[in-house]
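Subject: Structure for you to look at

Hello,

Here is the structure I said I would pass on. Please open it first, then read the notes below with it on screen.

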Amino acid sequence: FNPPQAEITSDVEAQGLAPLPTTIPTALPDHSRALVTDAYTARYPQGILQVTAIEDESERVIDSDTGEVLTPIPGARFYALNVVFECRGGICDAPPQANLTLQLDDGSLIQPRTGVQIAGATALSPIALGRTTNGWVVFEVPSITPVAALVVSAPDDAAFEPITISLAGT
């Protein structure tokens, strides 16, 4: 029969202090703001696109291949939109099955950045009729120019008239 051993407490525990973490947290700040999706919806033959959140001045943009955190070019900022896409056209192998362009207050149009994503987020993925996928679309815009709208247009410019979703004041 062995008598019970006295519980041993470390100096840290005896002082009521929590041990220090051994790794530095790498979470990037999430500045996204949720939107009322009904007000930010585009319906077109190939699908339904809803903007569900906006992250202006995103600090979570990473290179899709390396995972390296990116910074915008001097005088610019990352502007990211979280979108949900519902396929309405058989097989949607390139969601959102449309061109997405940001229109700035000065009238200029900005294409999404390619090869980037939001850290820890999923990308839009191929789906079939009736299914949904969601992901972030990242743009790099001038720091001093407000965003006015998201323009959704047909890839072949003939399937449907461009749809404008106002983002002014969001």
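**Confidence in the model**

This is a predicted model, and the protein chain has an average pLDDT of 87, with 84% of the residues scoring at least 70. One stretch needs care: over residues 8-25 the pLDDT stays under 50, and the model has 5 contacts beyond four places in sequence for that stretch. Where pLDDT is low, the predicted coordinates should not be read in detail.

**A four-stranded sheet**

Start with the open sheet of 4 strands, whose order is β8-β7-β12-β13 and whose pairing is antiparallel. β8 and β13 are its edge strands, each pairing on one side only. As a reminder, strands of a sheet pair through backbone hydrogen bonds, either parallel or antiparallel.

Strand β7 covers residues 99-104 and strand β12 covers residues 147-153; 6 bridges hold this antiparallel pair. Two places to check are leucine 100, whose bridge partner in β12 is valine 152, and glutamine 103, which stands opposite alanine 149 in β12.

β7 also pairs with strand β8 (residues 109-110), again in the antiparallel sense, over 2 bridges. Here leucine 102 has isoleucine 110 in β8 as its bridge partner. β7 and β8 make a hairpin with 4 residues between them, and in the turn glycine 107 has a positive phi of about 90 degrees.

**Strands β2 and β3**

A second hairpin to find is the one that joins β2 to β3 through 2 residues. These two strands run antiparallel and are joined by 4 bridges.

In β2, Ala42 and Tyr44 make up a covered face, while Thr41 and Arg43 make up an uncovered one.

**The nonpolar cores**

Which residues touch the most other members of the largest nonpolar core? They are Leu81, Leu102, Leu150 and Val152, in a core of 30 residues. Two or more residues come from each of β2 (41-44), β3 (47-56), β5 (76-87), β7, β11 (132-142), β12 and β13 (163-166). β5 gives the most, with 5 residues.

Leaving aside neighbours within four places in sequence, valine 152 is in contact with Ala42, Tyr44, Leu49, Ala98, Asn99, Leu100, Phe160, Glu161, Pro162, Ile163 and Ile165. Apart from this core lies another one of 9 residues, among them Ala53, Ala80, Ile118 and Trp136.

**Aromatic rings**

A search of the whole structure finds 2 aromatic pairs. In one of them, the rings of tyrosine 44 and phenylalanine 160 have their centres 4.9 Å apart and their planes at 25 degrees; the pair counts as stacked because that angle is under 30 degrees. Tyrosine 44 lies in strand β2 and phenylalanine 160 in the loop between β12 and β13, so the pair ties together parts that are 116 residues apart in sequence.

Are these two residues buried or exposed? Tyrosine 44 has a relative accessible area of 6% and is therefore buried, the cut-off being under 20%. Phenylalanine 160, at 11% relative accessibility, also counts as buried. Tyr44 and Phe160 form one aromatic cluster together with Phe85.

**The disulfide**

How many disulfides does a search of the whole structure find? It finds 1. A disulfide is a covalent bond between the sulfur atoms of two cysteines. This one joins cysteine 87 to cysteine 92, with an S to S distance of 2.1 Å. The link is right-handed, with 80 degrees about the S-S bond. Both cysteine 87 and cysteine 92 are buried.

**Glutamine 117**

Leaving aside neighbours within four places in sequence, glutamine 117 is in contact with Arg60, Val61, Ile62 and Ser64. Glutamine 117 and valine 69 are 48 residues apart in sequence, and their C-alpha atoms are 9.8 Å apart in space.

Regards

Technical notes:
Residues numbered from 1 in each chain as written. Predicted model: local features only at pLDDT ≥ 70, side-chain atom pairs only at ≥ 80, totals over all residues. Heavy atoms only, no water. Pairing = 2+ DSSP bridges. Core = buried A, V, L, I, M, F, W, Y, C linked by side-chain atoms within 4.5 Å. Buried < 20%, exposed > 50% of the residue type's maximum accessible area, 1.4 Å probe, protein only. Contact = heavy atoms within 4.5 Å. Disulfide = S-S within 2.5 Å. pLDDT = per-residue confidence, 0-100. Phe/Tyr/Trp six-rings, centres within 6.5 Å; stacked < 30°, edge-to-face > 60°.
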